[in-house]
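Welcome! Here is a short tour for anyone meeting this structure for the first time.

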Amino acid sequence: MPNLEHPAYPAADLLHLESLVPCRESQVSMLLSIFGERQQFSFPSIFIYGHTSSGKTYVMQTLLTTLQLPHVFVNCVEYFTSRLLLEEILIQLQSSSSDTEQTCPVHCDTLNDFVRLFKQAVASRELQDQTLYIVLDRAEQLREMEANILPAFLRLQELTDRNVTVVLLSEIVWELFRPNVGCFEPFTMYFPDYSIGHLQKILSQNHPPEYSADFYSAYINILLGVFYMVCRDLKELRHLAALNFAKYCEPVVRGEANERDTRKLWKNIEPHLKKAMQTVYLREISSSQWERLQHDGGEPGQLKGLSAHTHVELPYYSKFLLIAAYLASYNPVRTDKRFFLKHHGKIRKTNFMKKHEKTSNHLLGPKPFPLDRLLAILYSIVDNRVAPTANIFSQITSLVTLQLLSMVGQNDQLDGPRYKCTVSLDFIRAIAR
Amino acid sequence: GCFVFKPSTKKRRSSEKTAHDFRSRSDDSEDTELRFVTCQSLWTQIKSETEQIQEDLNKQLLDNLVNFLSRSHSEFQEKTTEWTCRMKFREIPTAALVLGVNVTDHDLTFRGLSDVLQDNVTPYIALLEAKDCPGIKNLMQKLMGQLMNCDVDVDSLEDEDCVQVSQNRIRCSMSSLISWYESVTKKTDSETPSKKRNSSSRQWQSPPVVVIFKDMESFTTKVLQDFIVISSQHICELPLVLIFGIATSPMIIHRLLPHSVSSLLCIELFQSLSCKEHLSTIIDKLLLTSRFPFKLGGKVLQVLINIFLYHDFSVQNFIKGFQLCIVEHFYSQPLSVLCCQLVDVKKRVYSLSHDQCENIRRLPSFRRYVENQESGKQIALLTYDSFLKEETEKLLEDLHVYHENYVSILRCLHVLTSSLPKYPLGKQIRELHCACLENRVWETEEYESSLQLARMLNKTDLVTMLQQCVEILMSSSGKEFDKTVEKLKEFLTQFQNLEEASQERDVSVSSQKELQKKTDLYHLQKTLLELKESRRSKKLTKFETLRFEVVDYIDSLVRKYLVPADDRTLHEIVYFNAATILRGHLNAAPRTALHTALNNPHWYLKNQALKCDGGGISNKAPDICIVYKLHLECGRLINLVDWLEAFSTVVMAAEEPNADAASSDQVDDIIHARFIRAVSELELLGFIKPSKQKTDHVARLTWGGC
């Protein structure tokens, strides 16, 4: 058992920390050894990556709070511009340092300002003797900000000349970050996915107070048996476990089975979980609807999921426009004459067959077509005469806003706009009926 | 147009001015003032009626939504300590609101929704549109702006500090929104509960913040994703509720959001009434009633319905079209002053001027009426105004009675036809209404076949139909129906007697009827022929004779009451029939108009010199017209030099031939300049564009004409 050990921190804190971060002991001890003692300078920047919910954020947060290391925690998605991000870091610094005086609004537009203000903030906090950790969650967003942000954060220690370490958390590998002009290489660290055993251990940890740990762990075992194939997201699994636990307990509550009667319980819950996989997990029906359904004991069949409502009612000409667009997108131009003209000449069959594409047009995806072609096909597929009124043209635009068509190339409207049909064959079949 | 976003409609011009506009065309002997006032009052009546209807239609949906919203966060607030709540991931409650394909109509629903929410659930509502939110930054700005302003609206007393907040440049981030929310809720807690109007929303500690995405389809994926991710992190501090306005199908949520994001939401689906049902209700309540004196003619109604069904599915546009009909009718028809409630008719008829009386005499329907009178009365009608007025009043009253009867009998006929297989006269009452308005419905083939089908109905259907008819007629305001109701009731009792008398024989008969009822139209004719044969040979059963009697009676009712409005005298006063004008206004064809203008400038300019017949090109026409006509004769690529040559030939044709001869090969600079200008104008209009294939050519962008 790799007990966490570090001379700088009290053993009780470490023990508590260990209980909080199951299955991540090795990563934590690695981090601890990089961090060193409080006053020691650490590595300037650390890059941690791993899949969704492999515990990056959680581990960092628990580590820093339990050991009471000075830190700033920022989510880069939330602070979407560099200004917001920098200001947020400064605000957090200020507010944690001085809770007595009102924090004055900081204005920080550039990194230069940031470095200056950062030095001030650190000085006012008298933190020179401790390492300050700046954790940037979802660091992949940094790539979309100004080009100097990411390199500057990587060597913030050097720029500010203060004891600071920047920790970047991301779901993608470092290679995708590296700017082409080069930068300081951070220390990279990988958080591997939790294995099924890990998941079992972590999920079983929080059992409800009314039931024993063994009972809950048996339930988690069944749950993982169903869901592990499709979902390894810890958060999602925990959510699903909480949603379906009431159903699992039902026989026990009714007195039909006791807590040890695993087989009976399994028979009861398994089909239910499978149904949950098809509905709640895909968000076809919402969790609250699912709970209500469970509560009322109704069949999930009565509640139609989101995908059941695929039918879209369209005006008469919109339907024809969409069909025409579909034909224009998936038929090659040279077949138009054959399909849509009443008196097309005889087709030389041999010639045509030879050229026939091996791959289906549906596999190639929609091709763009000009407006003229769309209208020409429309006129030929609608039985009666269609006047080219403003209403027809406006319908094309509205189909674009409804995302049933999409405009290709944002060039001049006068220059013959080109469109693509974005709906599937099934959809067209449904409206053509 | 279809879901085009029209700029907000112009404010109605001030009343005096419009009245003046009505008058400016003709002198005041035609009661323009009164007509205008009538028009306005009628429209306000209709408007309030439609608003009422729409409110009722949306009520169910809004109630469900309010329920959902008030439920969404209370659960968490009540039992935060329970195990399941601690373990469950806290999702953002989301309502997916499927509103049908016409986006412009959604505005009204959203307005109603936010009003209802404001009164019942929460004062904090933000409405976001895709066009305002190209990036997450704009979205946050817009959101915060709306939320903080709404605070000003509700608590107008605390204006000062709110203004202060907005004056400072707020950092548009979630954290400042949260601190705002905290301060606001704290403030409301400390307030005395009796202070404000929406005390009901204060019953909770923290009312939810509702964010409405009006047009989900148009938002970019990234913005939505980011916003959802951010707000899901703060859901505990800021109780957000999202509402997605969806025009197509809820599948769009899965198309726009990846699973990692959609798993942060707790989505419930709400569906509004389909717009076709909405239209049916509107037609039922607005047109098929005798409450409003103004009526739509068959063709006009057809135009409006066609625009709805073929182009836009917009109920708002339908109502706008209806409004246009009203305005146009009162504007163009001087006699529309008589298109008012029956109580006012008498007064208005007797105050008619001589000119107006002449107008009445000129009405085609009135002339037809006069011709059918005896000669003494004819003279009286044509010479004495007072006699004419008396007669007019009587005729108008007749017309009113006709309407009342018409609607009731139409409904009865609809009850009959809508139960027939294949609906020969249409499933909806509006189709039947159109058919009856346009011509004598009993002369049509569809009517014939539906009567034949009705003669084959089985007894239970027939009885329920009769009962429905009795109910309709009883509830109608017409006075003439006492006898009809009696007659129908008599039929019903006869059916009952029949049942009691011959129960055992009936079995075989009704089974035979069942068999006949299931046959489709093709087999129908055959069975009918057989029936005819058998009718000759076999004596009809009692039930069959009774059934024939019933159908014949209904037929007689139809012939009596469902006379098309065109046959009624003075129908011009209350019926608006100018379908072509309406079509021109509502279903404009810009391409055609442009072609007419360029091809035949006389049409719009009304200049006699421009009048030309045949295909010739007049040199007096504007340059652009000449250039346009010349370009119609060309193929896809047009040689500019040839075009210029042709142009100068046309232009020079009128000038002296000797001047022409002097500089035949050299085109005049002025003409050259005129040509260039005309060509660039054509380019601006989108008829041609420069071609890359040949430098001295331009490409045509339109087809036809050559």
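## Domains

Chain B is split into domain 1 (22-151 + 206-273), domain 2 (278-499 + 541-576) and domain 3 (590-656 + 666-700), with bounds that come from an automatic or database domain assignment. Taken over C-alpha atoms, the centres of domain 2 of chain B and domain 3 of chain B are 53 Å apart.

Chain A also comes in parts: domain 1 (11-190), domain 2 (196-308) and domain 3 (316-341 + 363-432). Between the C-alpha centres of domain 1 of chain A and domain 3 of chain A there are 52 Å.

## How to read the model

This is a predicted model, where local features need pLDDT of at least 70, side-chain atom pairs count only at pLDDT 80 or more, and totals for chains, interfaces and linings use all residues. Residues are numbered from 1 along each chain as its sequence is written, chains are lettered from A and ligands numbered from 1 in the order in which they are written, and side-chain values use heavy atoms, with hydrogens and water left out.

## Where the chains meet

Chain B brings 70 residues to the contact and chain A brings 65 residues, counting heavy atoms within 4.5 Å. About 5,700 Å² is buried between chain B and chain A, and carbon and sulfur atoms give 60% of that area. Buried area here is the accessible area (1.4 Å probe) that two parts lose on being put together, summed over both.

There is 1 salt bridge between chain B and chain A, a term for a side-chain nitrogen of Lys or Arg within 4 Å of a carboxyl oxygen of Asp or Glu. Look for the side chains of Lys222(B) and Glu144(A), which meet in a salt bridge at 3.8 Å, N to O.
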